[in-house]
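Please look over the sequence and the model below before reading on. The paragraphs that follow go through some of the packing in the structure.

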Amino acid sequence: MSHIPLSVAVVGAGSRGLGVVERLVAHCLERPTPLTVHLIDPQPFGAGFHLSDQPDHLLLNTVCGQLSAFADAQMVDGPVPVPGPSLHEWCRARDLRLADDGYTVRAGEGREIQPNDFLPRRLLSEYLAWAAGEITGAAPESLTLIRHRTTAVDILPGGSGSETVVLADGSRVEADAVFVTVGHHSLYLPAAPAPDPRLVTRPYPLPTALDGIGPGERVAVLGMGLTAMDVLATLTLGRGGKHLRDDEAGMRYLPSGREPSIVLTNRSGMPSRSRPRLRPGRVRFAPLALTTDRLDEIRAGTPDGRLAFTRDVLPLIEAEMDLAYYRTLLAREYGDATGAGLELARRCARGGHEALLGELHAQFGPCPVTGILSADLTDRQWTGYDAYLDWFTKEVAADLAEARGGLGAAPLKEALEVLRDHRDVLRAVIDPPGVDDASLATFFGEFAPTVNRLVIGPQLDRSAELLSLLDAGIVRLGPGPRPKIVAPAGQGPWRLESTCLDRPLRIEVDHVVQAHVSEPGADRVAGSLLGTLVAAGRVRTLAHRGAAVHGLDVTRQGQGIDRTGTPQPRLFFLGPHTEGSSYYNHYVPSPGVPSRALLDAELALRTALPSLITRKR
């Protein structure tokens, strides 16, 4: 577009929509330009699905020092004229404190909140709503923000190069560009009725979704990730139970008597690894093997520039993880992490990472990280349930010890943190031209879930609580990896049957909770805005690539690609519904480091508004 657009529409007022508005405010402060911003969402601005009425035991999975709604010079390559506090700083300014139970937050009661604390989600809701007010309050007079507290039901091509947003209240909004930031779009719609009232297919909102499970009843919780930990906390802490901490005996659970009997199981049979403590002064090192330069070299040698993930990328990831493990061991010898990092960088530059790994293997012995990305228990036959239970609890306890050791000290956790530290390199793998079609299915069908289990797991207190619940008999493990779930023919119990135990085991339960949130593709959600746009051909999903990836097909600039393969010049999509065209973009930005969410917003706005969004540092 050659003219300065007079208006834009932002559909979705959660954290991603807030990021788009923050970028517009920043640019209009630097270069005052008449601009009308239509913000369309019935929910409060900023908070999105971070609901303010959640109980305190439902925790964020990111420490409070790593969450911010305000951009700084390290987060984005545009102007940053509106400073503001991180969630941690915001809490401290209000004298919010953390109780001895590790999750209750009240003003003036308890210990001071630390940057490494995992706080209740309700606080992020309050913080984001407050930040939205601060950011819009800083807008110049040239920017007019119009709130539409309703839902967008369609977006139609308008006349003279514009877009028309059709609203549920019957009105229409004309805009020169539209940014769709609706987040987890299908979760706004009512859940489809379950085939059995004793089956919970969507465990949110909590605790309401679990109200049908009575005290003492038997319930199977399918999953061991973040959602499963939410369910466990709701059925225990949320029903009056307490985890008591004893310096000598460790943690023990004091039941309230209102808990059900819980069976915890998942397909892999493996626990999720807990998030480690972040030790002060921990150094984040530049990659030595998994570098964008190396990926670019490999792309240059392929006909279409696309990578084969297993052949081209996975060996580099594994090498980087091994290097991180050995670097931590070397740092122990040096007594200096920075010095160890510099030494490895020098040796790698001299002989390459393969030779360096050979030297480190000879010096320190085998690396236990090898093969961790492809670990699979489902082809292992256990002698019996007790053997599996013993292995599982030892795995959780060992991981918990590593997590308490913390980043910067625990070698295995440092190796796993490569998957987080170098997420931008992994995003570069998926960004266009991306990977071949088979690799797309492998990346999102196998690799990404493994990453989630290894480094996007529960808070370390949740792992300690799991062991406490197992000891108390409130929770028991399911019958090993890959259990068979048998639905009742009538009113009888559900059955969980072992498939990997030499001595077969059957467990009966009264209820089943599918403790994972798997959002379907937009083409499978009739009635949602994205479903309507896909059905009309205005944007397509990645299903045309034959992959089991449900995200929308968008350009690197965020422009939707229609059913003919043509990018839409004025229709942009940002957020988790584009997963597959990008990688891991559903998060709130962190201060002091590049933010993909804000960089994506900046790139989309620069594409849509070239006359206004021109500055790039």
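Which residues of H3 are buried? In this predicted model, they are Arg121, Arg122, Leu123, Leu124, Ser125, Tyr127, Leu128, Ala131, Ala132 and Ile135. An α-helix has 3.6 residues a turn, so residues three or four places apart point the same way. Helix H3 covers residues 121–137, and at 1.5 Å a residue its 17 residues should span 24 Å. The C-alpha atoms at its ends are 24 Å apart, which agrees with that expectation.

The buried residues of H3 pack against several elements: helix H1 (15–30), helix H2 (87–93), strand E3 (96–98), strand E4 (105–107) and helix H4 (226–236). Two of these, E3 and E4, belong to an open sheet of three strands with the order E4-E3-E5 and antiparallel pairing. E4 and strand E5 (111–112) are the edge strands, each pairing on one side only. Strands of a sheet pair through backbone hydrogen bonds, either parallel or antiparallel. Between E3 and E4, which run antiparallel, there are three bridges; Leu96 has Ala107 in E4 as its bridge partner.

Aromatic rings come next. The model has 18 aromatic pairs. One of them joins Phe444 and Tyr583: the ring centres are 6.3 Å apart and the planes meet at 65 degrees, so the pair is edge-to-face, for which the angle must be over 60 degrees. Phe444 lies in helix H12 (residues 437–455), while Tyr583 is in the loop between strand E22 (567–573) and helix H15 (596–608), so this pair ties together parts that are 139 residues apart in sequence. Phe444 and Tyr583 are both buried. Ring pairs also link these two with Phe309, Phe443, Phe447 and Tyr584 into a cluster.

Charged side chains also sit over rings. Arg94 lies over the face of Trp130, 5.1 Å from the ring centre. Arg476 has its charged end over the ring of Tyr385, at 5.4 Å from the centre of that ring.

How many disulfides does the model contain? The count is zero. Cys64 is in no disulfide, and the nearest cysteine sulfur, that of Cys91, is 6.0 Å away, whereas a disulfide would need the two sulfur atoms within 2.5 Å. Cys64 is buried, with a relative accessible area of 0%. Cys28 also counts as buried, because its relative accessibility is 0% and the cut-off for buried is under 20%.

Conventions: Residues are numbered from 1 along each chain as its sequence is written. This is a predicted model: local features need pLDDT of at least 70, side-chain atom pairs count only at pLDDT 80 or more; totals for chains, interfaces and linings use all residues. Side-chain values use heavy atoms; hydrogens and water are left out. Helices (H or I, at least four residues) and strands (E, at least two) are DSSP runs, numbered from the N terminus. The expected span of a helix is 1.5 Å times one less than its number of residues. Buried means under 20% relative accessible area, exposed over 50%, partly exposed in between (1.4 Å probe, protein chains only). Contact means heavy atoms within 4.5 Å. Rings of Phe, Tyr and Trp (its six-membered ring) pair if their centres lie within 6.5 Å; planes under 30 degrees apart count as stacked, over 60 as edge-to-face and the rest as tilted. A charge sits over a ring if NZ of Lys or CZ of Arg is within 6 Å of the ring centre and within 35 degrees of the ring normal. Two strands pair if DSSP finds at least two bridges between them.
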